[in-house]
Amino acid sequence: MSSPEIASLSWGHMKVKGCSSSYKDCKVWPGGSRAWDWRETGTDHRPGVQPADLEEVLRKGVDLLVIGRGMSEALQVPASTLDFVKQKGVDVRVLQTEKAVAEYNKLAGQGAKVGGVFHSTC
């Protein structure tokens, strides 16, 4: 299964190729995507992305995870969260969301088993 391309990104709006709904924040993995609802884990800009936000994507067998911190990089990614991902044997890249989407799409287009979590506003 391939990782779906992110077809479009604008402030507060993301579209994933092959998916009829649009997302504000989203999770993607080989073969699927869904909304990233911060309320599920109590996530906020600070302290930021938690291991619980990433577990679902990591369970999908990705080799690399791309995290988009928002258009203005307001979403924090604690070192403990990065350590959690690396302990699972997964490479991780943390970027401003537009750059993160470009990196994710490049890797997905190369056939990499890549997943991502992306914040599309601040």
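Predicted model: local features only at pLDDT ≥ 70, side-chain atom pairs only at ≥ 80, totals over all residues.
Strands of a sheet pair through backbone hydrogen bonds, either parallel or antiparallel. Here, 3 strands make up an open sheet, lined up in the order β1-β2-β3 with antiparallel pairing.

Now look at how β1 meets β2. The antiparallel strands β1 and β2 (residues 13–16) are joined by 4 bridges. You can find Ser 8 opposite Lys 15 in β2, while Leu 9 has Met 14 in β2 as its bridge partner. Together β1 and β2 form a hairpin, with 2 residues between them. In that turn, Gly 12 has a positive phi of about 75 degrees.

Which helix packs on this sheet? Helix α3 (residues 97–109) does, touching β1 and β2. The direction of α3 makes about 175 degrees with that of β1.

Finally, turn to helix α1, which spans residues 51–58. Its buried residues are Asp 53, Leu 54, Glu 56, Val 57 and Leu 58. What covers them? The cover includes the strands β4 (25–29), β5 (32–35), β6 (64–68) and β8 (114–119), along with helix α2 (79–87).

Conventions: Residues numbered from 1 in each chain as written. Heavy atoms only, no water. Pairing = 2+ DSSP bridges. Contact = heavy atoms within 4.5 Å. Axes fitted to C-alpha atoms, helices over the stretch in contact; angles between N-to-C directions. Buried < 20%, exposed > 50% of the residue type's maximum accessible area, 1.4 Å probe, protein only.
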